[in-house]
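Please examine the sequence and the structure shown below before reading on.

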Amino acid sequence: MKSPRSPWIVSGILLVLLLVLVFASLCAGRVWTPWSAWVSHEDPRWAIVFGLRLPRTTLAILVGGALGLSGAALQGYTRNPLADPAALGVSASAALGAVLTLYLGAAGEASWTLPLAAMIGAGLGVAALLALSGVTSSIVTFLLAGFVIQTVCGSAIALALNLAPNPWSVNEIVNWLMGSLADRSVEEVRLAAPGVIAGGLLLLTLGRSLDALTLGEQGARSLGVDLSRTRLLMAVGVAVAVGSSVAVTGVISFVGLITPHLLRPLLGSRPSALLAPSFLGGAALTLAADILVRMTPAASEVKLSVAMAALGGPFFLAMLISMRRRLA
Amino acid sequence: MSLQAQDIALSFGDQPILRRITAAFDKGRVIAIVGPNGAGKSTLLACLAGLLKPDAGAAILDGRPVAALPGRLRARRIAFLAQTPEIAWDVDVRAFIGLGRTPHLGAFGPSDGDRAAIEAAIAAAGLEAFADRPVTRMSGGERARALIARALAGETDWLLADEPLTGLDPGHALDALALFRRLAHDRGKGVIVTLHDLNLAARFADRVLVLNDGTLAIDAAPEVALTPKILSEVYGVLIRRHAGEIGPLIEVLGRAG
């Protein structure tokens with residue numbers, strides 16, 4: 001077995017990678033914007049770089065980071081390498097909140113109604129999760145509660161589509177559900193940033209409790225870890241970070257699942273060592289995927305969530321097969 | 001400096017598990033809790049470790065209820081080895097043993113003192129050669145030692161182990177018990193273990209508590225507690241005690257009656 005590298009070194013490498021990707025992200029797209037276009041205000045491409053691509057890039061980092069970090073924290077908490085934010089039902093309940101505003105046609109009235117509804121949805125999802133799983137519940141009931149919420153929200157979204165008053169609102173809902181970073185502005189960055197940063201910081205404090213959970217729930221408690229507090233902080237952190245991400249980009253799956261997996265061979269399995277690098281890794285992964293999406297020569301841009309699923313599906317399958325082989 | 005069970009009663013639902021148990025434990029000794037399945041051994045140990053809160057009565061550590069201690073303080077005093085220990089992630093042995101330092105860690109991660117305690121625990125369990133190996137790929141005996149070392153790393157006064165010999169071969173079981181005795185007699189720790197093997201309890205414990213259906217049948221030195229009369233009553237089996245090679249040998253002849 002390779003000895004795990006220091007999280008600081010890996011974080012440093014990921015940061016450099018992220019900076020390279022940021023540079024590429026500002027250059028790449030339908031219109032190629034070389035360095036010269038960045039410095040001159042007269043160049044019409046200046047607006048593309050700073051008006052369109054900079055917000056889009058920032059958003060990719062925030063949302064990808066939130067998903068990667070939430071995935072690492074959830075996997076640590078559930079001791080299950082297949083857990084991700086969707087497992088808690090947070091993405092689904094946030095999406096339901098957003099879909100309801102689209103369905104009721106309230107989204108057109110003010111730009112903040114949809115994100116707000118998504119965050120409220122995420123908050124309610126977490127409240128339902130805590131209520132369903134109880135105070136002293138085990139991780140199994142926690143996961144099952146998340147699964148129930150996810151299923152209920154999925155059905156409610158399907159119902160909204162089913163009963164939609166006209167094809168345009170169906171179109172609008174479906175379009176929004178497929179997560180994307182296209183056409184996002186500084187406005188969306190402003191909406192997502194506080195939640196991602198606050199939720200992310202909350203999750204970063206959980207490293208030691210997650211490490212102690214390596215010994216199981218009883219083991220962690222015997223080491224003085226307050227599990228109900230850990231669970232509450234975890235749920236709030238994930239809800240706030242993922243809720244505000246889903247609010248501005250729609251549902252993007254697999255980032256939370258894949259990122260910790262790609263990092264484990266480098267960093268080892270200790271949950272605390274994976275948290276901060278998973279933020280950087282998730283950001284890099286999402287940004288790289290978004291650059292690829294922008295470069296695809298298609299009449300309409302491929303949605304980021306579709307590209308992610310195309311990448312994540314086979315990855316998930318390969319992981320399942322290798323896990324089965326290990327268990328066999 | 002003592003740990004006491006003070007009139008502890010606990011039920012799961014309407015099923016009483018412990019019915020008013022009172023016992024005092026002292027440091028520097030190995031104390032074994034024995035009894036049939038479902039007698040309440042593990043439940044009593046979990047109450048003493050502060051992991052379960054009794055319905056009535058309390059576990060008292062140096063005059064204060066264990067359940068009222070903040071988790072971190074409690075964990076610095078009492079180490080607990082679970083019966084079915086879970087090792088969720090494939091970390092190396094040193095990192096795994098380092099988890100025992102969790103209640104001591106300061107804001108900036110492990111200090112020199114923490115690292116020294118981890119190395120001392122590795123040495124005490126004789127795991128120097130395994131320290132960099134992944135813990136999930138150790139054999140049962142090595143893993144049992146790693147789990148004990150994890151508990152030692154916390155440098156607690158008390159070590160409470162719930163059936164630590166489960167799945168160990170005779171050699172490794174002897175090693176583990178010898179280690180418990182050294183910890184109690186040489187380092188003055190209080191060691192409380194639940195055991196199923198009556199012969200090992202007779203040979204290694206300084207004191208034996210026999211539990212029967214949630215009550216304390218007897219609390220005494222092994223030669224007094226583990227008599228054929230008491231054991232056949234509690235376990236419902238016929239028992240004879242022979243003079244063995246190194247001490248008494250408890251032989252189970254068959255079901256009583």
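The structure is a predicted model. Chain B is divided into domain 1, covering residues 2-226, and domain 2, covering residues 227-257. Taken over C-alpha atoms, the centres of domain 1 of chain B and domain 2 of chain B are separated by 27 Å. Where these domains touch, domain 1 of chain B contributes 13 residues and domain 2 of chain B contributes nine residues. On the domain 1 side, at least two residues each come from helix H7 (198-204), strand S9 (207-212), strand S10 (215-220) and helix H8 (222-225) of chain B. H7(B) gives the most to this side, with four residues. Sorted by class, the side of domain 1 of chain B that touches domain 2 of chain B holds eight nonpolar, three polar and two charged residues.

The sheets of chain B come next. In general, strands of a sheet pair through backbone hydrogen bonds, and the pairing is either parallel or antiparallel. One open sheet of chain B consists of four strands in the order S2-S1-S4-S5, with antiparallel pairing. Its edge strands are strand S2 (15-26) and S5 of chain B, each of which pairs on one side only. Within this sheet, strand S1 (residues 2-12) and strand S4 (residues 56-61) of chain B pair in the antiparallel sense over five bridges. For example, Ala5(B) has Ala59(B) in S4(B) as its bridge partner.

S4(B) also pairs with strand S5 (residues 64-65) of chain B, in the antiparallel sense and over two bridges. Here Ile60(B) stands opposite Pro65(B) in S5(B). S4(B) and S5(B) form a hairpin with two residues between them, and Asp62(B) in the turn has a positive phi of about 45°.

Leu61(B) lies in strand S4 of chain B. Is Leu61(B) buried or exposed? Leu61(B) is buried, because 24 other C-beta atoms lie within 10 Å, and a residue counts as buried when there are 20 or more. Leaving aside its neighbours within four places in sequence, Leu61(B) is in contact with Leu3(B), Val66(B) and Arg77(B). Leu61(B) and Gln4(B) are 57 residues apart along the chain, yet their C-alpha atoms are separated by 6.5 Å.

A second open sheet of chain B has six strands in the order S6-S7-S8-S3-S9-S10, and its pairing is mixed. S6 and S10 of chain B stand at the edges with a single partner strand each, so one side of each has no neighbour in the sheet. On average, and with direction ignored, neighbouring strands of this sheet are turned by 15° against each other. Strand S6 (residues 78-81) of chain B pairs in the parallel sense with strand S7 (residues 158-162) of chain B over four bridges. Leu81(B) stands opposite Ala161(B) in S7(B). Ile78(B) and Phe80(B) point one way from S6(B), whereas Ala79(B) and Leu81(B) point the other way, and all are buried. Strand S3 (residues 30-34) and strand S8 (residues 190-194) of chain B also pair in the parallel sense, over four bridges. There, the bridge partner of Ala32(B) in S8(B) is Val193(B).

Helix H1 (residues 41-48) of chain B packs on the four-stranded sheet, touching S1, S2 and S4 of chain B, and its direction makes about 125° with that of S1(B). H1(B) also lies across S3, S7, S8 and S9 of chain B, running at about 150° to S8(B).

In soluble globular proteins, nonpolar side chains tend to be buried together. The largest nonpolar core in this model has 182 residues, and those with the most contacts inside it are Ala73(A), Leu48(B), Leu160(B) and Ala201(B). Helix H3 (residues 45-78) of chain A supplies the largest share of this core, 13 residues. Both domain 1 (2-226) and domain 2 (227-257) of chain B give residues to the core, so the core lies between them. Apart from its neighbours within four places in sequence, Leu48(B) is in contact with Leu3(B), Ala5(B), Ala59(B), Val66(B), Leu160(B) and Ile192(B).

Finally, the two chains meet: 22 residues of chain B are in contact with 21 residues of chain A. The largest share of the chain B side, four residues, comes from helix H2 (residues 71-77) of chain B. By class, this side has 15 nonpolar, two polar and five charged residues.

Notes:
Residues are numbered from 1 along each chain as its sequence is written. Chains are lettered from A and ligands numbered from 1 in the order in which they are written. This is a predicted model: local features need pLDDT of at least 70, side-chain atom pairs count only at pLDDT 80 or more; totals for chains, interfaces and linings use all residues. Domain bounds come from an automatic or database domain assignment. Two residues are in contact if their C-beta atoms, placed from the backbone, lie within 7 Å. Ala, Val, Leu, Ile, Met, Phe, Trp, Tyr, Cys and Pro count as nonpolar, Asp, Glu, Lys and Arg as charged, and the others, Gly among them, as polar. A nonpolar core is a set of buried Ala, Val, Leu, Ile, Met, Phe, Trp, Tyr and Cys residues joined through C-beta atoms within 7 Å. A residue is buried if 20 or more other C-beta atoms lie within 10 Å of its own, exposed if 12 or fewer, and partly exposed in between; C-beta atoms are placed from the backbone. Two strands pair if DSSP finds at least two bridges between them. Axes are lines fitted to C-alpha atoms, for helices over the stretch in contact, and angles run from 0 to 180 degrees between N-to-C directions.
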